[in-house]
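Colleague: Could you take me through this structure slowly, as I am new to reading models?

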Amino acid sequence: MIFIVVKFKVKPEHADQWPELTREFTEATRAEAGNLWFDWSRSVDDPNEYVLVEAFKDDAAEAHVKSDHFAKAMSEQPQYLQETPRIISRQIDGEGWDQMGEMTVA
């Protein structure tokens, strides 16, 4: 799978609205056939930073970046950001989350 983590530094005046500002893009991406997950989190250290954790089946990432909703998001989102997002994108084995071996919850 393609595993991606992106950090978005949102302008303070838009930070509280970021989930709504990205809702259409989020819902469209989650509906893609090859999307495994597309999850936003807000930093506990910086209220203006959101972290996106996403994954796609190997053959689905290209379709994602060529989609209309991706192009729309890439053209609209920069106006709300302080800086260019930072990304880690890697192809890894697997198709989902594994249980943590160092901890067991009964």
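Colleague: Before that, what kind of model is it, and what do the numbers rest on?

Modeller: This is a predicted model, in which local features need pLDDT of at least 70 and side-chain atom pairs count only at pLDDT 80 or more, while totals for chains, interfaces and linings use all residues. Residues are numbered from 1 along each chain as its sequence is written, and side-chain values use heavy atoms, with hydrogens and water left out.

Colleague: OK, which residues have the most contacts inside the largest nonpolar core?

Modeller: They are Phe8, Val10 and Trp18, in a core of 18 residues. A nonpolar core here is a set of buried Ala, Val, Leu, Ile, Met, Phe, Trp, Tyr and Cys residues joined through side-chain atoms within 4.5 Å. Buried means under 20% relative accessible area, exposed means over 50%, and partly exposed is in between, with a 1.4 Å probe and protein chains only.

Colleague: And which elements give two or more residues to this core?

Modeller: Those are β1 (2-9), β3 (49-56) and α4 (68-76), and the largest share, 4 residues, comes from β1. The names stand for DSSP runs numbered from the N terminus, where helices are H or I with at least four residues and strands are E with at least two.

Colleague: Where are Gln77 and Leu81, then?

Modeller: Gln77 is in the loop between α4 and β4, and Leu81 lies in the loop between α4 and β4 as well. Gln77 is buried, with a relative accessible area of 6%, and, neighbours within four places aside, Gln77 is in contact with Phe8, Trp18, Thr22 and Phe25. Leu81 counts as buried at 10% relative accessibility, and its contacts, with residues up to four places away left out, are Phe8, Lys9, Val10, Lys11 and Trp18. Leu81 and Ala15 are 66 residues apart in sequence, and their C-alpha atoms are 9.1 Å apart in space.

Colleague: Changing topic, how many salt bridges are there?

Modeller: A search of the whole structure finds 8 salt bridges, each being a side-chain nitrogen of Lys or Arg within 4 Å of a carboxyl oxygen of Asp or Glu. One of them joins Asp16 and Arg42, at 2.9 Å from N to O. Asp16 lies in the loop between β1 and α1 (18-21) and Arg42 in strand β2 (residues 35-42), so this pair ties together parts that are 26 residues apart in sequence.

Colleague: Are those two buried or exposed?

Modeller: Asp16 counts as exposed, at 58% relative accessibility, whereas Arg42 counts as partly exposed, at 35%.

Colleague: Which residues are linked in a network of salt bridges?

Modeller: Glu49, Glu83 and Arg86 are linked in that way. The closest N and O atoms of Glu49 and Arg86 are 2.9 Å apart, and this pair links distant parts of the chain, with Glu49 in strand β3 and Arg86 in strand β4 (residues 86-91), 37 residues apart. The side chains of Glu83 and Arg86 meet at 3.7 Å, N to O. Glu49 is buried, with a relative accessible area of 10%, while Arg86 is partly exposed at 42% and Glu83 is partly exposed at 38%.

Colleague: Last one, what does UniProt list for residues 2-92?

Modeller: An unreviewed UniProt entry lists residues 2-92 as "domain: ABM"; positions are given in the numbering used here, feature names are shortened, and annotations may be inferred rather than shown by experiment. Over residues 2-92 the chain is 29% helix and 33% strand, and the end C-alpha atoms are 6 Å apart.

Notes: Contact = heavy atoms within 4.5 Å.
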